[in-house]
Amino acid sequence: MPFRDEPPAAPMTPERTSVLWCNLGSPDEPTARAVRPYLADFLGDPRVVEIPRLLWALILHGIILRTRPAKSAAKYASIWTPAGSPLKVWTRKQAVLLAGWLGERGHRLTVLDAMRYGQPSIASRLDELKAEGATRVLVLQAYPQYSATTTASVIDAVNAWSARVRRLPELRFVNDYHDDPLYIDALAQSVQRHWQHNGRGDLLVMSFHGIPERNIRLGDPYQAQCLATARLLAERLALAPAQYRVTFQSRFGRAKWLEPYTEPTLRELGAAGVSRVDVMCPGFPADCLETLEEIAMEGREAFIASGGKEFNYIPCLNDSPAWITALSGIAERHLAGWPTRP
Ligand SMILES: C=CC1=C(C)c2cc3[nH]c(cc4nc(cc5[nH]c(cc1n2)c(C)c5CCC(=O)O)C(CCC(=O)O)=C4C)c(C)c3C=C
Ligand SMILES: [Fe+2]
Ligand SMILES: [Fe+2]
């Protein structure tokens with residue numbers, strides 16, 4: 001494929017640094033018609049489902065994309081806001097706040113949100129940055145824990161864009177920040193604020209998105225990073241091991257995923273006489289379908305139906321000042337040492 005033509009550059013273009021704040025993405029609308037191409041793109045990504053391609057294409061197009069879009073669309077409809085998908089709304093707001101925060105700290109740079117699946121795509125946002133003269137791009141992701149299924153897939157998308165571009169900006173990637181004290185502190189503050197306003201449950205459940213267990217055996221560090229985040233947060237909140245649980249949600253298909261699974265754990269806790277649980281999703285910096293529908297709605301139902309009395313969902317970090325401070329600290333650290341031209 002030929003590289004795209006570009007106007008000749010002045011030899012000494014001034015440096016312009018940008019941050020690309022990437023998240024997973026959502027369909028354009030909560031309808032089966034819009035969810036289908038979104039799921040086709042997402043589940044067709046070889047980073048996400050590691051099954052021989054031909055076999056997977058048959059299953060995906062022959063079975064999954066015939067039934068799942070309507071079911072997913074109904075779930076999306078239950079959390080959709082007048083401004084659109086919560087994930088996209090929060091991610092955009094985080095980008096705007098991050099730009100403002102970094103601006104106050106003397107960094108003049110553009111921050112754009114970008115989605116791995118759906119719009120605004122990573123390629124379209126990189127085109128925008130390039131059009132405005134970006135010479136350096138820091139790629140930061142809304143995945144505190146590294147997984148090949150998410151983090152590496154974003155890097156693939158940036159590399160696919162790079163493969164078409166003649167004059168590339170310098171690129172930097174942040175692989176994870178699962179143990180960053182600023183991130184842990186932002187999580188701890190959000191739990192403490194919740195406890196101040198709502199009182200404290202018998203148990204804190206920390207639910208992370210799952211991945212197939214096989215991926216861990218093949219070298220994905222995701223599980224270890226989730227457990228490290230949970231341990232650091234528990235330490236910061238002075239929780240004894242019996243006062244919290246780490247679980248994994250959103251299992252897809254029949255293969256074994258990381259355990260313990262969130263929903264069965266909530267059922268067991270309710271049935272075992274635990275009266276009140278507080279549930280948070282530390283691996284999701286922005287509320288989305290997986291937190292608002294699967295945890296705050298379905299998880300609540302499961303806990304109460306099995307005998308639990310009170311279910312408290314602790315919202316994701318979203319636009320909390322501690323999180324935006326953390327994010328700008330993480331960005332600043334990775335921007336540091338990018339020398340300006342003498
Ligand atoms: C094989 C399938 C999937 C893997 C592996 C997977 C990993 C993974 N996902 C997230 C974060 C999010 N996932 C979201 C939605 C979602 N995830 C899957 C499947 C896998 N995820 C599907 C099919 C969907 C779409 C909804 C559905 O049909 O069930 C979301 C929310 C998107 C939104 O619009 O709100 C997020 C965020 C992580 C962090 C992760 C691995 C670590
Ligand atoms: Fe997912
Ligand atoms: Fe889900």
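Predicted model: local features only at pLDDT ≥ 70, side-chain atom pairs only at ≥ 80, totals over all residues.

The protein chain is divided into domain 1, covering 17–177 + 323–335, and domain 2, covering 181–313. Taken over C-alpha atoms, the centres of domain 1 and domain 2 are separated by 23 Å. How many residues of each domain are in contact with the other? On the side of domain 1 there are 24 residues, and they are in contact with 21 residues of domain 2. The elements of domain 1 that give two or more residues to the side touching domain 2 are α2, α3 and α11. By class, this side of domain 1 has 13 nonpolar, 9 polar and 2 charged residues.

Next, the ligand. The shell around ligand 1 has 22 residues, of which Ser26, Ser72, His209, Cys288 and Leu289 come nearest. Two elements, α2 and α10, each give two or more residues to this shell. Which domains supply the shell around ligand 1? At least three of its residues are drawn from each of domain 1 and domain 2. In terms of class, the shell around ligand 1 divides into 11 nonpolar, 9 polar and 2 charged residues.

Helix α3 runs over residues 86–104, which makes 19 residues. From its first C-alpha to its last, α3 reaches 27 Å, close to the 27 Å expected at 1.5 Å a residue. Which residues of α3 are buried? They are Pro86, Leu87, Lys88, Trp90, Thr91, Gln94, Ala95, Leu98, Ala99 and Leu102. Just after α3, Gly106 takes a positive phi of about 90 degrees.

Strand β2 is mostly covered, with 5 of its 6 residues buried. It pairs with β1 in the parallel sense over 6 bridges, and Leu20 stands opposite Leu112 in β2.

Strand β5 comes next. Why is β5 described as largely enclosed by the rest of the structure? The description applies because 6 of the 7 residues of β5 are buried. With β6 the pairing is parallel over 6 bridges, and Met206 stands opposite Val246 in β6. With β7, residues 276–280, the pairing is parallel over 4 bridges, and Leu204 stands opposite Asp278 in β7.

Is Asp202 buried or partly exposed? It has 16 other C-beta atoms within 10 Å, so Asp202 is partly exposed. Leaving aside residues up to four places away in sequence, Asp202 touches Val274, Ser275, Arg276 and Val277. Between the C-alpha atoms of Asp202 and Ala336, which are 134 residues apart along the chain, the separation is 43 Å.

Finally, some backbone details that may interest those who prepare models for calculation. A cis peptide bond joins Gln119 and Pro120, with omega about -5 degrees; Pro120 is found in the loop between β2 and α4 (122–131). A cis peptide bond also joins Glu259 and Pro260, where omega is about 0 degrees. Pro260 is found in the loop between β6 (244–249) and α9 (262–271).

That loop between β6 and α9 also holds Ser250. Phi of Ser250 is near 65 degrees, a positive value in a residue other than glycine. Because Ser250 has 18 C-beta neighbours inside 10 Å, it counts as partly exposed. Asn318, likewise not a glycine, has a positive phi of about 45 degrees. Asn318 is found in the loop between β8 (310–313) and α11, and with 18 C-beta neighbours inside 10 Å, Asn318 counts as partly exposed.

That concludes the presentation, and I thank you for your attention.

Key. Residues numbered from 1 in each chain as written. Chains lettered and ligands numbered in written order. Expected span 1.5 Å × (residues − 1). Buried ≥ 20, exposed ≤ 12 C-beta atoms within 10 Å, placed from the backbone. Contact = placed C-beta atoms within 7 Å. Near = placed C-beta within 6 Å. Nonpolar A, V, L, I, M, F, W, Y, C, P; charged D, E, K, R; others polar. Domains from an automatic or database assignment. Pairing = 2+ DSSP bridges.
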